[in-house]
Amino acid sequence: MFEIRVICDPDDTDRVTTALTTAFTTGDVRRYPTRDGKRTRLYLTADHCPAPEDWPTPEQAYADAPSINSEIGWTARFLADAECFTELGREFYLRKAALLDRIALLDDPGAWDRDAIGTAEAAAVFLLDMDRPGLICDARAYVRRQYVYWARNN
């Protein structure tokens, strides 16, 4: 893991952030103005993108995770406390996707009604698109990797 600092024109921050999140597994981007106020400083924690075989199994990813009931409660409280039409941050979408992934893992793969699996996949794709637009990989495996990374830093 390493720290990246970028100083760039404010108009370039989204493009730079997208390039960095495409090249690395990253945490949240912290943005601050430079002392002269003309440019923006970006700070983010990063790690090399793992090869697919290096991605954690569900058991590894969620070994120390709170119970499913606890995470359902956290999600409900978070939404209840949020004001309408506010942006919900990456942590919410990551924890929600991980929760739905854990619920889907309990689903019977042979069942005809696989709503839990489809919902988990949709939440995972949303997080993947939010973090790394255009990246094609197993979205649920991506959520597990990001959850491990997030849990290690929180």
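**Leu 94.** I looked up the contacts of Leu 94 (heavy atoms within 4.5 Å). Leaving aside neighbours within four places in sequence, I find Leu 127, Val 143, Gln 146, Tyr 147 and Trp 150. The model is predicted: local features need pLDDT of at least 70, side-chain atom pairs count only at pLDDT 80 or more, and totals for chains, interfaces and linings use all residues. Residues are numbered from 1 along each chain as its sequence is written, and side-chain values use heavy atoms, with hydrogens and water left out.

**Cores.** I next checked the nonpolar cores, sets of buried Ala, Val, Leu, Ile, Met, Phe, Trp, Tyr and Cys joined through side-chain atoms within 4.5 Å. Buried means under 20% relative accessible area (1.4 Å probe, protein chains only). The largest core has 21 residues; Leu 94 is among those touching the most other members, as are Tyr 62, Ala 98, Leu 127, Tyr 142, Val 143 and Tyr 147. H4, H5 and H6 (139-152) each supply at least two residues of this core; helices are DSSP runs of H or I, at least four residues, numbered from the N terminus. A second, separate core has eight residues, including Val 6 and Leu 42.

**H4 and H5.** I then took H4 (residues 90-105) against H5 (residues 115-131): their axes come within 8 Å and cross at roughly 150°. Axes are lines fitted to C-alpha atoms over the stretch in contact, with angles from 0 to 180 degrees between N-to-C directions. The pair is therefore roughly antiparallel, a label for angles over 145 degrees.

**Arg 145.** Arg 145 sits in H6. I note it as buried, at 10% relative accessible area. Its C-alpha is 9.9 Å from that of Ala 98, 47 residues apart along the chain.

How values were computed: Angles under 35 degrees count as roughly parallel, over 145 as roughly antiparallel, 65 to 115 as roughly perpendicular and the rest as oblique. Buried means under 20% relative accessible area, exposed over 50%, partly exposed in between (1.4 Å probe, protein chains only).
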